[in-house]
Amino acid sequence: MDWFSQVVRVSAIETKVVDTTGAGDLFASGFLYGMINRLSLRDCCKIGCCAGAAVVRDLGGEITPENRIWMFQQLDSQNLQSSPLFNI
């Protein structure tokens with residue numbers, strides 16, 4: 001992957017925001033998940049955005065079960081499939 005010469009723009013996912021605790025951490029974890037799975041830079045950013053958006057929908061820095069379902073729906077809507085490892 002030659003990411004050092006790439007620039008991508010990915011829109012944030014519009015959602016209700018209750019608490020921003022963990023948004024950056026979850027973006028980073030989603031991005032790294034994409035890197036580990038050798039996805040494109042754009043897809044890594046999209047997964048990061050989905051994870052970050054999922055955590056801000058409720059209080060605390062954890063993704064609730066209902067927001068986890070929402071996150072997977074967002075991934076599906078962007079044609080991003082998650083591996084069984086991501087469904088832990």
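Let's start at G24, which is found in helix 1; helices here are DSSP runs of H or I with at least four residues, numbered from the N terminus. The model is predicted, so local features need pLDDT of at least 70 and side-chain atom pairs count only at pLDDT 80 or more, while totals for chains, interfaces and linings use all residues. Residues are numbered from 1 along each chain as its sequence is written, and side-chain values use heavy atoms, with hydrogens and water left out.

G24 is exposed, with a relative accessible area of 51% (exposed means over 50%, buried under 20%, and partly exposed in between, using a 1.4 Å probe and protein chains only). Now find G48: G24 and G48 are 24 residues apart in sequence, and their C-alpha atoms are 8.8 Å apart in space.

Stay with helix 1, which covers residues 23–36 and includes M35. M35 is partly exposed, at 36% relative accessible area.

Which residues does I13 contact, leaving aside its neighbours within four places in sequence? They are C49, C50, A53, W70, Q74 and Q78, where contact means heavy atoms within 4.5 Å.

Notes
Helix = DSSP H or I, 4+ residues; strand = E, 2+ residues; numbered from the N terminus.
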